[in-house]
Amino acid sequence: MSAATVPDATPGLRHRDPILFQVLNSAFSSITDEMGALVRRAAFSLVVSEGGDYSGTISNRAGDLVASGVTDLAAHLGTIPFTVKGTLEWIGVQAEEWFHPADVVLINDPYIGGTHHNDMRTIMPVYFGERLVAFIQNSMHWTDIGGHVPGTFDPNARSSYGEGLAVPPVHIVREGVFQSEMADIILRNIRLAEQARGDLLTMIGAVRLGERRMQELAARYGADVIVSAMDELIGYSEQLLREEFRKLPDGCWDVEALMDRDPGSASDEPIAARMTLTIAGDHATMDFSGSDGPAKGAMNSSRAVTISSTVVHLKMIFPHIPMNQGVFRAVDFVLPEGTLLSAIFPAPVSGCAAGVYPAVGDLILKAFIELVPERCMAGPTGLLNIVMGGQDGRPGHEGSEFVMYLWLEGGWGGRLSRKDNSVAMTTFATTATNQPVELHERLCPVRFDCYRIEPDSAGAGWHRGAPGVTRRWSFPWNDVVLSDLGDGEKFGPWGWAGGRDARPNRFLYAPGTDEELSVGMFRTNLPVMQGRMLDCFQPGGGGYGDPFARPVEYVLDDVIDGFVSAEGAARDYGVAINVDADGQPRVDVERTTQLRTGQHRPPPGAAG
Amino acid sequence: MTAWRVGIDTGGTYTDLVAVRGPERRITKVPSTPPRYEEGVLEALRAADIEPAGVDLLAHGTTVATNAIITGSGAPTALLTTAGFRDVLQLGRHNRGEPFDILWDPPPPIVPRRYRYEIRERLDWAGGVVEPLDEESVRTAVRTAADRGVRTFAICFLHSYVNPAHEERAHQIVEEELPEAFVCHSAELLREPPEFERTSTTVINATLMPVVTAYLSALEHRLRGAGFEGRLMVMHSGGGLMTAESSARFPARLVTSGPAAGAKAAEGIAGGGLGASGSPAAAVVMAQELAREEGLDQVISLDIGGTSADIAVVRDGKARLVTEYSPQFGQPIRFPAIDLITIGAGGGSIAWVDAGDLPHVGPQSAGAVPGPASYLRGGTEPTVTDANVVLGRLASDVDLAGGIHLDTSAAREAVGRFATRLGLQTEDAALGIVEICNNNMARSIRVVTVNRGLDPRDFTLVPFGGAGPLHAAELAGILDIRRVLVPLAPGVTSGLGCLYVDIVHDVSEARIVSVDDADVADLRQVFGRLEDTMRGRLAADRVDPPDQRLEFAVDLRYVGQVRGLTVTLANGRLPDHVRDDLQERFYAEYERQFHSVTRDIPVEIAALRVRGTKGVERPDIPFRSAGAGPRWTERSVITGTGQVTARVGDRDRLPIGSRLAGPLILTQVDSTTWVPPGWEVEVDRIGNLLLTRVAEAPVS
């Protein structure tokens, strides 16, 4: 179809030409997917090329999110509108005066919509002729963005200044010309500058690709049609989500999620995120104002990250709704300043990913599991950021500096409509992938001693949660320093409806030796000596429903496969299993009946 | 006298044959004969009246590998891994089929945890031995698994792609302990990281080895017994041919790249055999040929068989290739393959009514046995074929391939029961069945076009399969596609495609060196080694040196980059000024692919590659008989806008250049073309039918 045959762009493209509307809807997604494919192929850092810690999006002229790629990092998505709109506010002039054709702008400022400082973003305007019609955005996690700690995550930073280099919106490409002095300032302040130089190149290429594809679409269908398709797509998502809210009963639900502690406080008391969900017709209000005040340490999040967690978890419950600004619009957020969910500069926010984002996710899941239990799950594992760095001591690598950024998967929670659940990336990164052992070992002086599912780590339940995962690392060639930032050492992922909580986090130095030490969740630059081992267990998911009612054959299967030990089967599920002389586990029916009906049965809610 | 070259494709429902000898050609179509598919192959030769002794080349596409994976009927397999890493297969990479959907589940691992054994051994990233192979732990694992009845073993150790010594020794030990075992280790399949993709490929390959070996030896045995002395070659999903020996060793290459996008559909297909074709890639190869011949830029290839339909997109004369494909989500196979999707919609798809009184069609299929009700082979469920009979689009007075005769009253009876359930007239119910089926296919065509930002309206639809040309025009209407090209022998396309493909092999060697330090002599030496290996492989496939075509390429990237890009060497030789030449080509290609380039980061060589092919002579197949014009009859056909009288004629008798207006039914032995009212058809210079929509589609 040529541009000439396209109908006039009056509102209502969706109804006038539903096929064209769908074509454009998919074309937007296809552009973002193509950007994602480019980033994966061209990236320098492992967490992007293999781990998938990136995103590429399209926003309209106002900065509203229109489309994102299918492999885009979940947690980025909800923050993009804040970055683009925040930038438009920051510049203080008409966008057209500041964003010129072929410009690329760089930004990572957590207080202008970003997440943590490591997530660097490029933004490029899309002009069609004289008309600014859209913005293309690309984010990539940079392995290091400066500061005190290799890998930058410093749980003991007390303000934004200690959390790495902050870059407000600046031109990195001006009308097609790379601004090398600007790049030099940034690269002079960070570790792995050469890797970052390559990743910067990739991010510029990605937004250029998006810009070119959008211009091709506009040339083909006309800018008016493109603009109205973007706006209608947003309206479409809003309408779909409101339809879902309308189906729910009206009412109010209060939920709470606890984080271990404030790393900046002497107190060991937990800190809380709280939400009141109010459903009234097709309106949903999420009021977070009852949450605790700002943390002194890193366990704060910007408003952008809090809202991002909300919309991502809504999308997980209602996955058929296209992710765009419409999802935000369907919810009325009450998120006043003065809580740990709406941090104000310069409060430290690097724990937003590992602590606050999962806590907000728990609030959404805990509220909706009461309303649509068949679409939800019990508590999933949270995120633990681990960074290690030092001098590479391997032969042939002498003198080179390395930084290794790890992110880990764990278990998701039990589900009413499924038998059990499987290991997955965290809800921060549902779209991401793990980083292979073989590549880590090639790029960094580390040896993995295991990467395995840990028995008895799943939250027991009729619907079992997924098990957790244990990794062990040792360092045969050199010392390293380790920093980590996480949560969930006190509280394992929560069980529901009689299901048990999953076992909490564990992170040990030199396990089983005299030097054994718990690394904990808030360590800054812990020296790890050459030859020592680290043991890191990332939790499984909470159970759903009474584990003592789980069908015996499911429990037997879990024992045969080693997900549950024979002792665990008796203790957590009331199923007695003996191992025969031929090595085959078999159910002791009589004793199982005793366990399941007798006084041995633990009261509901007891920890597994 | 020259010998026959025969292409035979065994799908879940039909086995298609195309044979060429000089100017002669034969085509035939017989029912497939699961689970003993080899019988169908022999039957096809008999039906075509071709003596196996007179066949020089038998190019074969088969569904056995795909079927085994989708139905989980591969051999029970044990996996030996490095100690500490037995869960790599299960943990995978965590890609999710539906990234956000809480209810999404990955398919269970092909080797359950109970059959995954940890072996004491360890290599480092450079292939150095950290811990030697504990041979006793291999023996113990083999015995334990053997006690549980396992006879098939996959071996994947960390870093074996650099140093395969431990895997090779473990492989030997398995064979020592259990001489009858099927064994494969990862390094013989794939010399690249990372561990999960390599493990998955190895496990799928292993579990298929007994299945494919049994099938191909049964087939070969039957063929040899019948006097066949020629070469048996097998079609793989990359669109090339392999010897039977290579196929038994690398059976993962035979798995169709189709169902990846349609995991849910594949579940439904599982019961009824799989695939419109045994090798859907062969049909796509034909679509490429047609697109080239007809000068079409953008083609949607749609192959509708008895149980399923395969859909692929050909742009600029080429189907998209993928480097990795998955028969089911999360089960990657790392071999190059043609990109296509398979859905559970075909002539045998069963129409049914759910608990809420809503009608559905498929994905369950009646297959070839018992088949549609109108086949009178024991099937009683109403199928899409039965609906077409009721509507008058398939005639009872025509003998179909395989000697099948359609029975109208059986079709009416089956569709009638479905109609009663819905409170409809039989004819309206039949229209509904066809419409639902068409809409299912339209949705999937949107997946391969619209979801990739392509507008289906810009494409020409090329229908294949017995049922393709029957549905194509109305399906095109739904998608607002205005042109449909019905090829000469649409019902046996995959069989024909098998005769058009090349023998293709790929070999590579990692060699990481900065472009600045590259030594031309050293690189030429590596290429020399690769060339020797390649010529050996081609010779093993009986390709004579003059027919061996080699292509040389270099993987380049910036220092510090994880992946990069491949540059093909124009004249097959490394230039003397390696540095400047490769660097400039890298910059140009980098800018083109990644839209941004710098000279501030040094460039390095990552690997050298050689691809070896044998070009087959393209069969110039004289499918046209003298078109004296058909003897027209008339028949009443039911359409969405009412009953019309259609002319019915023999397609093969249409003269070149004829232009006719629908409604028309054009019959041929392997297919039937339905030209609805509002469409015109032209017989083009080659004999293909070009259908064009002349009136606006009725609003449906």
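This is a predicted model: local features need pLDDT of at least 70, side-chain atom pairs count only at pLDDT 80 or more; totals for chains, interfaces and linings use all residues.
Strands of a sheet pair through backbone hydrogen bonds, and the pairing is either parallel or antiparallel. Strand 5 (residues 77-82) of chain B runs parallel to strand 6 of chain B, and four bridges join the two. Within this pair, Leu79(B) stands opposite Arg116(B) of strand 6.

Rolling a probe the size of a water molecule over the atoms shows where empty space is left. A search of the whole structure finds eight cavities of 30 Å³ or more. The second largest cavity holds about 80 Å³ of space. Residues that line the second largest cavity include Leu79(B), Thr81(B), Thr82(B), Phe85(B), Cys156(B) and Glu195(B). Strand 5, helix 3 (88-91) and helix 6 (195-225) of chain B are the elements that give two or more residues to this lining. The largest share, three residues, comes from strand 5 of chain B. By class, the lining of the second largest cavity has seven nonpolar, three polar and one charged residues. Leu79(B), which stands opposite Arg116(B) in the sheet, is one of the lining residues.

A second open sheet of chain B has four strands in the order 29-30-32-33, with mixed pairing. Its edge strands are strand 29 (633-639) and strand 33 (671-675) of chain B, each of which pairs on one side only. The twist in this sheet averages 30 degrees from one strand to the next. Seven bridges link strand 29 of chain B to strand 30 (residues 642-650) of chain B in the antiparallel sense. In this pair, Arg635(B) has Ala646(B) of strand 30 as its bridge partner. Arg653(B) is placed in the loop between strand 30 and strand 31 (659-661) of chain B. The relative accessible area of Arg653(B) is 37%, so this residue is partly exposed. Although Arg653(B) and Arg631(B) are 22 residues apart in sequence, their C-alpha atoms are 8.5 Å apart in space.

In chain A, strand 5 (residues 131-141) is mostly covered, with 10 of its 11 residues buried. Strand 5 of chain A pairs with strand 1 (residues 54-60) of chain A, which runs antiparallel to it and is joined to it by seven bridges. Tyr54(A) stands opposite Met140(A) of strand 5 in this pairing. Strand 4 (residues 119-128) of chain A also pairs with strand 5 of chain A in the antiparallel sense, here over 10 bridges. The bridge partner of Val126(A) in strand 5 is Ala134(A). Strand 4 and strand 5 of chain A form a hairpin with two residues between the strands, and Gly129(A) takes a positive phi near 65 degrees in this hairpin.

Two helices of chain A also pack together. Two packed helices are described by the angle between their axes and the distance between the axes. The axes of helix 8 (residues 193-221) and helix 9 (residues 223-247) of chain A come within 6 Å and cross at roughly 115 degrees. Met214(A), Leu217(A), Ala218(A) and Tyr221(A) in helix 8 meet Ala223(A), Val225(A), Ile226(A) and Met230(A) in helix 9. The residues of this contact divide into eight nonpolar, no polar and no charged.

Ser49(A) belongs to helix 3 (residues 46-49) of chain A. With a relative accessible area of 0%, Ser49(A) is buried. Leaving aside residues up to four places away in sequence, Ser49(A) touches Arg40(A) and Ala43(A), together with Val562(B) and Arg563(B).

Notes. Residues are numbered from 1 along each chain as its sequence is written. Chains are lettered from A and ligands numbered from 1 in the order in which they are written. Side-chain values use heavy atoms; hydrogens and water are left out. Two strands pair if DSSP finds at least two bridges between them. Buried means under 20% relative accessible area, exposed over 50%, partly exposed in between (1.4 Å probe, protein chains only). On a 1 Å grid over the protein atoms alone, a cavity is a set of points where a 1.4 Å probe fits but cannot get out, and a pocket is an open set with protein on both sides within 12 Å along at least five of seven lines; lining residues have an atom within 4 Å of a point. Grid points are joined across faces, edges and corners, and a volume is the space filled by probe spheres set on the points. Ala, Val, Leu, Ile, Met, Phe, Trp, Tyr, Cys and Pro count as nonpolar, Asp, Glu, Lys and Arg as charged, and the others, Gly among them, as polar. Axes are lines fitted to C-alpha atoms, for helices over the stretch in contact, and angles run from 0 to 180 degrees between N-to-C directions. Contact means heavy atoms within 4.5 Å.
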